[in-house]
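Colleague: I am new to this structure. Could you show me how to read its features, one by one?

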Amino acid sequence: MSVNSAEPARPVDVVLVKGGRTKIRYTAGLLADDGTRITVRAPWAGDGVRDFGFVRFEAGDVFTEYYWRDRWYAVKEVRDASGALKGWYCDVTRPAVLSGGELVVEDLDLDLWRSADGTDVRRLDEDEFEESGLAGRDPAAAAAALAALDELEALATVEGGLESLLA
């Protein structure tokens with residue numbers, strides 16, 4: 001099924017795991033799955049408003065989320081209730097696993113934000129990543145996570161970079 005399909009999106013549960021425990025679970029509509037990239041859409045699933053200072057996620061926001069089976073990140077396009085683009089929130093994760101009706105993604109703490117106009121690109125939660133101890137437990141995964149963050153930042157700082165992942 002493609003994003004432009006007239007068929008209704010099949011529901012799938014997105015399960016974000018962090019530190020071996022489920023951080024959040026929410027239902028999204030599966031828009032596309034080409035065998036490598038999985039695209040879902042869901043309303044803001046958090047409790048109330050989440051104000052980061054540089055962006056607010058709130059009721060009415062819609063997230064179109066792109067996950068890969070072969071990449072160490074997910075990219076979430078965030079739009080407000082009117083459809084205006086707020087920006088892209090990128091999570092560094094292990095490659096996604098879609099099995100049956102569950103899309104499971106392991107969050108590795110590192111994140112990146114890019115505003116809609118591209119003037120604000122920021123790396124997030126590097127302190128949490130250090131505190132997680134992943135570098136000691138799984139050096140290869142830690143290296144892949146840092147490389148993924150660097151790749152996302154490079155894409156976010158050039159016009160059309162992140163968007164090229166989503167086309």
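Modeller: Start with the core. A nonpolar core is a set of buried Ala, Val, Leu, Ile, Met, Phe, Trp, Tyr and Cys residues joined through side-chain atoms within 4.5 Å. Buried means under 20% relative accessible area, exposed over 50%, and partly exposed in between, with a 1.4 Å probe and protein chains only. This is a predicted model: local features need pLDDT of at least 70, side-chain atom pairs count only at pLDDT 80 or more, and totals for chains, interfaces and linings use all residues. Residues are numbered from 1 along each chain as its sequence is written, and side-chain values use heavy atoms, leaving out hydrogens and water.

Colleague: Which residues have the most contacts inside the largest nonpolar core?

Modeller: In general, nonpolar side chains in soluble globular proteins tend to be buried together. Here the largest core holds 23 residues, and Val75, Val92, Leu152, Leu162 and Leu165 have the most contacts inside it. Elements giving two or more residues include strand E7 (73-79), helix H3 (139-156) and helix H4 (161-166). H3 gives the most, with eight residues. Helices (H or I, at least four residues) and strands (E, at least two) are DSSP runs, numbered from the N terminus. Another core lies apart, with 15 residues, among them Val12, Tyr26, Ala28 and Ile38.

Colleague: What is leucine 165 in contact with, leaving aside its neighbours within four places in sequence?

Modeller: Contact means heavy atoms within 4.5 Å. By that rule Leu165 touches Arg37, Trp68, Arg71, Tyr73, Val75 and Leu155.

Colleague: How do I read a pair of rings?

Modeller: By the distance of the centres and the angle of the planes. Rings of Phe, Tyr and Trp (its six-membered ring) pair if their centres lie within 6.5 Å; planes under 30 degrees apart count as stacked, over 60 as edge-to-face and the rest as tilted. The count comes to 10 aromatic pairs. Phenylalanine 52 and phenylalanine 57 have ring centres 5.3 Å apart and planes at 70°, so they are edge-to-face.

Colleague: Is phenylalanine 57 buried or exposed?

Modeller: Phenylalanine 57 is buried, at 3% relative accessibility. Phenylalanine 52 is partly exposed, at 23%.

Colleague: What about tryptophan 68 and tyrosine 73?

Modeller: Tryptophan 68 and tyrosine 73 are also an edge-to-face pair, 5.3 Å centre to centre with 65° between the planes. Both residues are buried. Elsewhere, ring pairs link Trp44, Phe52, Phe54, Phe57, Phe63, Tyr89 and Trp113 into a cluster.
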